[in-house]
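Student: I want a close look at one helix packing. Take me through that part in detail.

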Amino acid sequence: MTAPGNLERVLTSGGFAVTAECGPPRGADPEAIRKKGGYLKGFVDAVNVTDNQTAVVRMSSMAACLILKEMGFDPVLQMTVRDRNRIALQSDILGAAALGIRNILCLSGDHQSFGDHPGAKNVYDIDSIQFVDMARAMRDEGRLSSGAEITVKPDIFIGCVENPFADPFEIRALRLAKKIAAGARFIQTQCVFNVEKFARWMEMVRDLGLHEKASILAGITPMKSPGMARYMKNSVPGMDVPDDLVERMASVPKERHREEGVAICLETIERVRAIEGVAGIHIMAIEWEEIVPDIVKGAGLHPRP
Amino acid sequence: MIVADRKPFDEIMGMIESCGKILLVGCNECVTVCAAGGAKEVALLASQIRMKRKAEGRSVEVDEKTLERQCDPEYVNPLAEMLEGYDAVLSLACGCGVQVVAETCQGLRVLPGLNTRFMGVTEEHGVWAERCQGCGDCVLDRTCGICPVTRCAKSIMNGPCGGSRNGECELRDGTPCAWQLIIDRLKASGELSRYGEIAKPRDWSTSRDGGPRKRTREDMRI
């Protein structure tokens, strides 16, 4: 085993981690990634690269992760089971590990009917929990899903997502327990807007002792406008944006929308930090990566360890 | 049963554009129950075709025949004796029926009049819904009688995903979340503790991923 990656290092040292999301471009331009990376440099412990998020075709997460790694980041390779079967997933884990990409985030992925290719065939050979278990067995037992031995084991740090706001609410911590039992060691949650509900979920998480087995990073998304708040509330699967936040965004004049969005974001960070068992935040500033430094500084989380 | 929809009328008219005499063949099984390709629908489509051609000033001869079961050569073979003079056979059966008819009526154009949709059940009068994908390795004993392979949009075996909301699938098209239904049943029977078991990856080779499937009962062969 080589030394742990930066994200793992920060989390195991007990520090409050900050990760951010970087959405790759709909094109082959590496500069688009470098530009976004430039905004994040020095402000985050790791950068997630989304995997064709909302089922819209983008530059591959693996390629963008490598570009970010070359810039000195510890990238988090997001991998959905929507587009790849177990053969392709395992092959990509080996490839990622060979490139020095250490963090793998295992997700189901949004259904392709939401994206730009609704006529595409989906895969869903395995689900996200089976994927976590498969990645863990590759690393720990040195074997593929088929049982075949791996010559050099992938040295990876395995994470998953969880949505505390999806239904049925009562099993959301139990489902996380399954992911952790399968091998997930860091968890990045869906964007937290409804802090009360998130706190109730964390209470269930603590009752199961899950916060001691894996690091939970609360998802944070700054809103740019009341339109974005409404869109996320009504059209993005699994989002819970309370009406009072939508109204608050709408109550300020247009030129102050972004400022208000950041203010809400900083208040949310302060509130989730106070919740026992929250090990960090994961900032998903959708097509607004340049705001991340202001958020990290505003939250008093700069400089990074 | 197999549930099907009739193809759009214009598509059917396009398929028979060059035909002067067609044989319209219905099926008395599933597609009769789901009101897509039984004797009644055969008669209705035949009339529509005649009226449309008449309006266009082009003659057409449409004969009607509804078989007991189009997916069984025993009932389809007699068709071979009555094909003289036809330009095409338009089958109002599922895809299985169309293919048996095509095998029987070789040399003649055999056209599908339906789009075969799914294996399903009658939910209420006039409403059918998918329940089985024929995966070849039934898990209903472990999922409280609700099939996640079919009824979960992502066929998740350890659900529900993060898109489940108010009992509805993330597709938000009125589809219930299969895993919400499973959890409701686990709760009702006091078995929620079973939820903690992690379902292993499936072996899809029994499904169509293993290639076209065939079943042979040697003891029944003549």
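Student: In which crossing, left-handed or right-handed, does H5(A) pass H6(A)?

Tutor: Keep in mind that this is a predicted model: local features need pLDDT of at least 70, side-chain atom pairs count only at pLDDT 80 or more, and totals for chains, interfaces and linings use all residues. Residues are numbered from 1 along each chain as its sequence is written, while chains are lettered from A and ligands numbered from 1 in the order in which they are written.

The crossing of H5(A) past H6(A) is right-handed (the near helix is turned clockwise from the far one by less than a right angle). H5(A) and H6(A) pack at about 20°, and their axes are 8 Å apart (axes are lines fitted to C-alpha atoms over the stretch in contact; angles run from 0 to 180 degrees between N-to-C directions). That angle makes H5(A) roughly parallel to H6(A) (the term covers angles under 35 degrees).

Now the residues. H5(A) brings A:Ile129, A:Val132, A:Asp133 and A:Arg136 to the contact. H6(A) brings A:Lys178, A:Lys179 and A:Ala182. Contact means C-beta atoms, placed from the backbone, within 7 Å. By class, the residues of this contact are three nonpolar, no polar and four charged (Asp, Glu, Lys and Arg are charged; Ala, Val, Leu, Ile, Met, Phe, Trp, Tyr, Cys and Pro are nonpolar; the others, Gly among them, are polar).

Next, H6(A) itself. This helix covers residues 172-182 and is mostly covered, with nine of its eleven residues buried. Helices are DSSP runs (H or I) of at least four residues, strands (E) of at least two. Buried means 20 or more other C-beta atoms within 10 Å of the residue's own.

Which residues of H6(A) are buried? They are A:Arg172, A:Ala173, A:Arg175, A:Leu176, A:Ala177, A:Lys178, A:Lys179, A:Ile180 and A:Ala182.

H5(A), residues 128-140, is one of the elements that the buried residues of H6(A) pack against. The others are strand S5 (157-162), strand S6 (186-191) and helix H7 (195-207) of chain A. After H6(A) comes A:Gly183, with a positive phi near 135°.

H3(A), residues 61-70, buries A:Ser61, A:Ala64, A:Cys65, A:Leu66, A:Ile67 and A:Leu68. Those residues pack against strands S1 (17-22), S2 (46-49) and S3 (75-80), and against helix H2 (30-40), of chain A. A glycine follows here too: A:Gly72, with a positive phi near 100°.

Methods
A residue is buried if 20 or more other C-beta atoms lie within 10 Å of its own, exposed if 12 or fewer, and partly exposed in between; C-beta atoms are placed from the backbone. Two residues are in contact if their C-beta atoms, placed from the backbone, lie within 7 Å. Angles under 35 degrees count as roughly parallel, over 145 as roughly antiparallel, 65 to 115 as roughly perpendicular and the rest as oblique.
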